[in-house]
Amino acid sequence: MRTSKKRRLYLLLGCGLALSAATGLSLMAFSSTLTYFLGPREVLAKNPAPGMDFRLGGIVQVGTVNTVITNNTPTTHFRVTDGRASIPVTFTGVLPDLFREGQGVVAIGAMSPDGSFAASEVLAKHGSTYMPKDVEQSLKEAGKWDPKFGPPPDASTWNTMNVKASGS
Amino acid sequence: MTYYSDMSEKILSPDAPVLGRTGSWLHRFANPGRFLRLAQPALPWLAAFSIVLTVVGIVWGYAFAPADWEQGDAARIMYVHVPAAWVAMAGYAALAVCSFFSIVWRHPLADLAAEEIGPVGAGFTFVCLVSGALWGKPMWGAYWVWDARLTSVLVLFFLYLGHIALIRAFDNRSHGYRAAAILALVGAVNLPIIVFSVQWWNTLHQGNTISVTGGSKIYITMLYPLLIASLGFYMSFLTLVTARLCAAIMERKTRALLLAAAEREA
């Protein structure tokens, strides 16, 4: 009785170890396909052929958003950056509500022959920060954070901040 | 004190042979009869705590917590989505632990618990997926994307469904328990994948907001209702599983008594 339980225990632990190793190795091998999007630098390094679909992800570069409306359809030009490289993107259609300068986005489409990215769909990638409007306002007024230029400061500086009622 | 044999079909039969095993503390604590005696009086308290915590967390989150500066009121879906996701994963971890006990120690209560955890865990996973989709459309611009986080949670949902089907698929219940336990343990590799997917790969799903070690990237009056709602969801899961488990044990008992009575008459 005792030994059969022990045998089952060791067998199970052995199987668990083998399974974890196998899963870990497969995930490492497939990590390029498990990635939902490529950053501008990866795209420039890989130089995908025009017309080949992929997802481009990064931050909407400040001061590059330019929307032109023709026949009631907006066409937006902007650059997606990872801080070092950037790629121009063209998208025709309505952008998600969270789209703004400094926001993370994922654009789905393909490179055009002229070196810009023609997006058929643009998704906004929300950050992991949750703060009330008046905290954001007071950080902005204090010059500590502008959402256009990157993520908010260290959470401990604001997540218990005492906001004056006037801020709303 | 009565100890039961390993054979789950016989455990609750009043005429089951009593094996003179001294048993570990675990066996003594987790025998179905004792579980019933402990759990039944606790059930109303568990239910009351679940309801109070869930209601306080949800009402605080939806009516009193501040809206997010960027997402506005849409951020409030996190007071359902995040607790549901945590419980979905914790539930699967509990399922895996039960399956481990079932395979190694052939513990009858672990088998019954695994059978009852499945549907409840699947329910919470479903809530997580649906609430996420409803948030995704206005915020991301898509109900669904095939990124690593979303896909691995969908796999979790299918693992639950597979377990629910498999554990009930055999005429001989103990075969179902064995097979389902193996499925649950194999599926447990998905748990770290869900947790770390947002760190290992680029995903559209955002990274972790809540951190146990560092500062959480959430304002304190939004964090409190989230934690209370989560505690409420955890307690609800515990209450639902306990209630189902009590019902399952009593069902077994009734069946065994009816069978014994029929045999006496024959």
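In this predicted model, the contact between the chains takes 37 residues from chain A and 37 residues from chain B, two residues being in contact if their C-beta atoms, placed from the backbone, lie within 7 Å. On the side of chain B that touches chain A, the elements that give two or more residues are α3 (78-105), α4 (108-139), α6 (173-187) and α8 (220-265) of chain B, and of these α3(B) gives the most, with 4 residues. Helices (H or I, at least four residues) and strands (E, at least two) are DSSP runs, numbered from the N terminus. By class, this side of chain B has 23 nonpolar residues (Ala, Val, Leu, Ile, Met, Phe, Trp, Tyr, Cys and Pro), 4 charged residues (Asp, Glu, Lys and Arg) and 10 polar residues (the others, Gly among them).

Most residues other than glycine have a negative phi. Asn47(A), in the loop between α3 (40-46) and β1 (54-60) of chain A, has instead a positive phi, near 50°. Arg106(B), which lies in the loop between α3 and α4 of chain B, likewise is not a glycine and has a positive phi of about 50°. Asn47(A) counts as exposed because it has 8 C-beta neighbours inside 10 Å, whereas Arg106(B) counts as buried because it has 20; a residue is buried if 20 or more other C-beta atoms lie within 10 Å of its own, exposed if 12 or fewer, and partly exposed in between.

Residues are numbered from 1 along each chain as its sequence is written, and chains are lettered from A in the order in which they are written. Local features need pLDDT of at least 70, and side-chain atom pairs count only at pLDDT 80 or more, whereas totals for chains, interfaces and linings use all residues.
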